[in-house]
Each structure stands twice: as structure tokens, then as C-alpha cells.
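User: I would like to go through this model with you, starting with its aromatic residues. Could you take my questions one at a time?

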Amino acid sequence: MTHESVTAMTSAYAEQAVAAAREFHAHFDYSEKSLRELESILSKLAKAPSAGDLTEVCKMWGSYLGEVVRRRFGGDWSIETYPGKPFATLTLNVGGNKLFPTMKIHRRLTQGSEDNIWVFYEMVKTRLEAKPGGRVQ
């Protein structure tokens, strides 16, 4: 599937996540609250072997996570090299901050609950509201 822009691609992936969430009886509406449901879905997926390609799964759920942040705080999607790694990934640039939502999803699925998505979002929200232009790790 080709897209006219990175934004179009992330939007398409996010919409796939909205549809996939229904399989888990979750309602994704791009609200902060829906990220609690995303965490619940990821918790279930982390306990079972992935039926699909992990890269595609991370792009789908990561694009949704990023879109929730972008719709709340603004920002632009790009594809950039992940810090310290030899590969490029979807990147959300928000007020001078760089977020890597697909990498966060990958860590959540492979590292476990210490990479909780809701906790991560709360940290991002606090930093973006308190210090626009501050770095979000």
C-alpha cells in the first residue's frame, strides 16, 4: 500500500487500529480515555504469540497512539532515524519533542507491562503541558 504522505500513512494505520479495536470490544475515538483501552489490548496481545507481523502490528497501534497525541497537542509525522539505531521509524514531532510511538508499542509487546502505554501517555501529557519544547524520551 502506498500513501501520498507520512501523515496519510499514519492516518490509514490509525483507522486500521480503530477497526481492530472492535475485535476486542473496545471503542477507539482518539480520546485520551481510549489509550486505557489500548493498554488493555496490548496487555492481551503481549501474553499471546502474535498472529501477524510484529512490525505491522506496531505501526497500526503506534499510529493510533501517535494520532491521539497529535490531535491533543498538534505536531507532524515524519520518518526519522531512531536514536542510536541503524533504522528509520515513524516519528511524531510535537513542539520540539520527538516521539516514537511504534517503538513504544514494540517495547510494550516485547518487554511487558513496565512499558505501560497509559503511564507513558500521562508522562508525555505532563511534559507537553508543562514545558512546550521539552524533550520527551
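**Aromatic pairs and backbone details**

Analyst: Phe87 has a relative accessible area of 35%, which makes this residue partly exposed. Please note that the model is a predicted one.

User: Which residue does Phe87 pair with, and how are the rings arranged?

Analyst: Phe87 forms a stacked aromatic pair with Tyr82, with 5.8 Å from centre to centre and 5 degrees between the planes. Tyr82 is buried, at a relative accessible area of 16%.

User: How many aromatic pairs does the structure hold?

Analyst: There are seven aromatic pairs in the structure. One of them is Tyr82 with Phe87, the stacked pair. The pair of Trp118 and Tyr121 is tilted, because the ring planes stand at 35 degrees, with the centres 5.9 Å apart.

User: Where do Trp118 and Tyr121 lie?

Analyst: Both residues belong to helix H5, and three residues separate them, about one turn of the helix. In an α-helix there are 3.6 residues a turn, so residues three or four places apart point the same way.

User: Buried or exposed, for Trp118 and for Tyr121?

Analyst: Trp118 is buried, with a relative accessible area of 15%. Tyr121 is buried as well, with a value of 0%.

User: Which residues form the aromatic cluster?

Analyst: One aromatic cluster is formed by Phe24, Phe28, Tyr30, Trp61 and Tyr64. Over the face of Tyr30 lies Arg71, at 3.6 Å from the ring centre.

User: What is the phi of Tyr30, and where is the residue found?

Analyst: The phi of Tyr30 is positive, about 65 degrees, although the residue is not a glycine. Tyr30 is found in the loop between H1 and H2. Its relative accessibility is 14%, so Tyr30 counts as buried.

User: And His25, what is its phi?

Analyst: His25 has a positive phi, near 60 degrees, and is also a residue other than glycine. His25 sits in the loop between helix H1 (6-22) and H2. His25 is exposed, with a relative accessible area of 76%.

User: Changing topic: which residues of helix H4 are buried?

Analyst: In H4, which spans residues 101-111, the buried residues are Pro101, Thr102, Met103, Lys104, Ile105, Arg108 and Leu109.

User: What covers the buried residues of H4?

Analyst: The cover includes the helices H2 (34-47), H3 (54-73) and H5 (117-130), together with the strands E1 (76-81), E2 (88-94) and E3 (97-99).

User: Which residue follows H4?

Analyst: Gly112 follows H4, and its phi is positive, near 105 degrees.

Conventions:
Residues numbered from 1 in each chain as written. Predicted model: local features only at pLDDT ≥ 70, side-chain atom pairs only at ≥ 80, totals over all residues. Heavy atoms only, no water. Buried < 20%, exposed > 50% of the residue type's maximum accessible area, 1.4 Å probe, protein only. Helix = DSSP H or I, 4+ residues; strand = E, 2+ residues; numbered from the N terminus. Contact = heavy atoms within 4.5 Å. Phe/Tyr/Trp six-rings, centres within 6.5 Å; stacked < 30°, edge-to-face > 60°. Lys NZ or Arg CZ within 6 Å of the ring centre and 35° of its normal.
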